[in-house]
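The report below walks through both.

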Amino acid sequence: MSEYQYVVFQAVDGPLNDKQLEFAEAQSSRADVSRWTLSCEYDYSSFRGDVDALLRGGFDVYLEYTNYGTRVIKLRLPHGFPVAESVWSKYVDGEQLLWKKDAEGSGGILTLEPFHDANDRFTYGDTEPYLKAAIQVRDRLMSGDLRALYLLWLCAADDDYNDPAETIEPPVPHGIAGIEADCGDLLWFYGLDPLLLVVAGMDVDDAPPEDSQDPVTTWVDALDEPTTKELLLRLLKGDTSGEKARLLAETRDSQSSGGWPTIDKQRSFEELVRDADALRDTENARQARKAEANAAQERASRLNALRKDPDKWLRETEQLVDARKTVNYDIAADILLDLREAIGGDEGDKIARRQAENLIKQQPTAYRLKSELRKRGLLE
């Protein structure tokens, strides 16, 4: 099997400026580059650009996938963690989940890269849901939502060098199960079940209520007249979508974040995975029962339709066979089999067998048709 790598950078807070775009375009001759994204695929090679420099130069999220086991997410946090180091250090181990502060300023890059030997759980698919989930995680982190950091810890804990029985979870943020819908796909990206968030949230209080006041309205109300005029000119004269993104980022950054409530459960990663597996088995069984019930209902509806107007379906088999297509022979034979069951008894068997003989007379050289009818017990 050939080696395959896919990398993608995404700008979230605003588009790249001309200088940043020029730098991005110089990183790879094979990359598709715009002011918002950079992506490229490689066989028997790899991306050799400066990932961290690109993140410090306009991009906000980086995702890397390979078919030999590598999974990397990097998040650019331009203003650092919105919580104290005494809080975030309980979730960031410095190895699988690493915070690298910029040489200057408060910003930095958070890297998630647990180690796994290549195995069959790493299969290539559409990475778009994973990128969207990573963006959601970053947005939540920057707003002080500690649940996003717990989710990243879960991904980092599943490392080949970690003993799951001795890997103990950090404090569990209230409402942890509530981010499964927006961010759960990131767990799939690392081969984990999003039901881990549901398990983690058992016997944990709900998330603290959000402010009733819209943060955008609050931010706008606080602007003075000169600032408002300046912003309006930027919107009218500049890149409207880019300016909007920048303003939304400023709005988000202006919101103060209080401490997120947590509870110390002290469960091992092994316990969490075991309970999530059990919950998944229960969910799969429920879905199987539901699918079985739906199939039975659909089957009953089909038999009822056949029973109501058998002549219509007999004509349908003749039209199918007349088209002389192999797949049609299978369909026609199935219709007769179902018709026999729908009518039931000797009458149903007699009608189905008689029509089978008629079809053979209609197409005497259709040997596949004869074979399918015999398989269903409709011909001697």
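What follows covers the strand, then the helices.

This is a predicted model, where local features need pLDDT of at least 70, side-chain atom pairs count only at pLDDT 80 or more, and totals for chains, interfaces and linings use all residues. Residues are numbered from 1 along each chain as its sequence is written, and side-chain values use heavy atoms, with hydrogens and water left out.

**Strand S5**

Helices (H or I, at least four residues) and strands (E, at least two) are DSSP runs, numbered from the N terminus. Strand S5 spans residues 71-77, and seven of its seven residues are buried (under 20% relative accessible area, 1.4 Å probe, protein chains only). Arg71, Ile73, Leu75 and Leu77 point one way, while Val72, Lys74 and Arg76 point the other way.

| Partner of S5 | Sense | Bridges |
|---|---|---|
| S4 (residues 61-66) | antiparallel | five bridges |
| S7 (residues 108-112) | antiparallel | five bridges |

Glu64 stands opposite Val72. Ile73 has Leu112 of S7 as its bridge partner. Four residues lie between the strands of the S4 and S5 hairpin, where Gly69 takes a positive phi near 115°.

**Helices H13 and H15**

The axes (lines fitted to C-alpha atoms over the stretch in contact, with angles from 0 to 180 degrees between N-to-C directions) of H13 (residues 310-322) and H15 (residues 345-362) come within 10 Å and cross at roughly 25°. The two helices are therefore roughly parallel (angles under 35 degrees). Contact (heavy atoms within 4.5 Å) is made by Leu314, Thr317, Glu318, Val321 and Asp322 of H13 and Ile351, Gln355, Leu359 and Gln362 of H15.

Definitions and conventions: Angles under 35 degrees count as roughly parallel, over 145 as roughly antiparallel, 65 to 115 as roughly perpendicular and the rest as oblique. Buried means under 20% relative accessible area, exposed over 50%, partly exposed in between (1.4 Å probe, protein chains only). Two strands pair if DSSP finds at least two bridges between them.
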